[in-house]
Amino acid sequence: MNWQPETICVQGSYRPKSGEARVLPIVQSTTFYYDDPDVMADLFDLKSDGPFYTRLGNPTSSQFEGKINLLEGGVGALAVSSGQSASLFAILNICQSGDHVLASGKLYGGTFNLFNVSLRRLGIEFSFIDPDADLNTIMAEARPNTRLIFAETLANPVLSVLDFEKFSAAAEQLGVPLMIDNTLATPCLCRPIDHGAHIIIHSATKYIDGHATSVGGVLIDSGLFDWTKGHYPELTEPDDSYHGLRFTEAFGPAAFIARARACLLRDYGCTPSPFNSFLFHLGLETLHLRMERHSTNALKLAEFLNDHPAVDWVRYPGLPGDPAYVLAKKYLPNGQSGILSFGIKGGAAAGRDLARHLELVASVIHLGDLRTSILHPASTTHRQLTETQQIECGISPEMIRVSTGLEHIDDIINDFDKALRSV
Ligand SMILES: Cc1ncc(COP(=O)(O)O)c(C=O)c1O
């Protein structure tokens, strides 16, 4: 099957047989019946593939996994209960206490906290690097126990674009996998595997759902990293909980995703509900169209704000002159997604005030759905930090983040224009 991404969005993965439902069914069942106990035993021993208990897999979730896997170009995917659990599993699948991770310092705040606080408490070490630093500077942060590099394609909220060439060169030189959070770009705008990434994660809560209905996440394995050449005992050494099975021997290139399901989903239980998987699968069916419109609307809004007298600065990777413009042309040539940020004149007070004057656009803690929304990080998500700490995270007091939706662009622009004039 050699379909274009648009066709995969609409028809990839779920293909009904004669007499079956045309639309992916929701299999709302915790458990699955087999008439032969030996079949069940083989499922438990990972000798065959099939659902037996929804914590470890479900037919609806597996169709969502199948579609996103085709879109990203992987060998397997695992749906989980949130973007946070996708990042957690990505790390825990190959790291234990005493291991070290090189992570971009430009990350979603929740991911930063997961790494810097919660996973550090478990004994995993993290170094946060400036993704704009040169290769030698990045390499200087590596240690003998470095197990992976982690970064975002399009960083939330600072909107820098990852230099994949540099980061994949660093991963190659270190002999470690490059893990990418592709939430803001989606596979419709960028396929990190084509640029040297090995493991992809998403918060499906954002553009994959696209309608702000469900929290979920997913991991995709490129199958391109050779775990046997590095120090990855979780995958290469016998696993006591599966009678001494070695994941690399039993599953070859799909070892990473097989272990994430068989061990992490089994033990930690961060399972998505079948209904949410149905909604994510439904969201993927229109992702190509939505990302196109999110991107064109965001570019027009960025251009409008850039010329507005009440606006100090605008950041959108598709805007000529933006610091991320050159990398965006290289890695996001067909659209730069729907997120932009701008600085309103008048500082934090004006930023807070703007929300009161917008009518169509709502102030919400979310991004990536079809309704245009704003967030004033300094007075909401980052309000517990001091101004100096906020600036270290790339948050200035006047900064407004916009998630540009799918309404008519004239209505979006008029709403901003009216509100900006009233502040
Ligand atoms: C880039 C990115 N990664 C991960 C997450 C975490 O996802 P979730 O909220 O689904 O746990 C978010 C949430 O905003 C995000 O923006």
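## Ser 379 and its surroundings

Two residues are in contact if their C-beta atoms, placed from the backbone, lie within 7 Å. In this predicted model, Ser 379 touches Ala 348, Gly 351 and Arg 352, leaving out residues up to four places away in sequence.

Ser 379 sits in the loop between strand E11 (373–375) and helix H16 (387–392). Is Ser 379 buried, exposed or partly exposed? It has 15 other C-beta atoms within 10 Å, so Ser 379 is partly exposed. Leu 235 lies 144 residues from Ser 379 in sequence. In space the two are 44 Å apart, C-alpha to C-alpha.

## The largest nonpolar core

The largest nonpolar core holds 117 residues. Ile 149, Val 218 and Leu 219 touch the most other members. Helix H11 (residues 255–268) contributes the most to this core, with eight residues. Domain 1 (5–284) and domain 2 (289–422) both supply residues, so the core lies between them.

Take Ile 149. Setting aside neighbours within four places in sequence, Ile 149 is in contact with Leu 102, Phe 167, Ala 170, Ala 171, Val 176, Leu 178 and Met 179.

## Packing of H3 and H12

Helix H3 (residues 59–72) packs with helix H12 (residues 274–285). The angle is about 30 degrees, and the axes are 8 Å apart. Angles under 35 degrees count as roughly parallel, so H3 and H12 are roughly parallel to each other. Their crossing is left-handed.

From H3, the contact uses Thr 60, Ser 61, Gln 63, Phe 64, Lys 67, Ile 68 and Leu 71. From H12 come Pro 274, Ser 277, Phe 278, Phe 280, His 281 and Leu 284.

Terms used
Residues are numbered from 1 along each chain as its sequence is written. This is a predicted model: local features need pLDDT of at least 70, side-chain atom pairs count only at pLDDT 80 or more; totals for chains, interfaces and linings use all residues. A nonpolar core is a set of buried Ala, Val, Leu, Ile, Met, Phe, Trp, Tyr and Cys residues joined through C-beta atoms within 7 Å. A residue is buried if 20 or more other C-beta atoms lie within 10 Å of its own, exposed if 12 or fewer, and partly exposed in between; C-beta atoms are placed from the backbone. Helices (H or I, at least four residues) and strands (E, at least two) are DSSP runs, numbered from the N terminus. Domain bounds come from an automatic or database domain assignment. Axes are lines fitted to C-alpha atoms, for helices over the stretch in contact, and angles run from 0 to 180 degrees between N-to-C directions. Angles under 35 degrees count as roughly parallel, over 145 as roughly antiparallel, 65 to 115 as roughly perpendicular and the rest as oblique. A crossing is left-handed if the near helix is turned anticlockwise from the far one by less than a right angle, and right-handed if clockwise.
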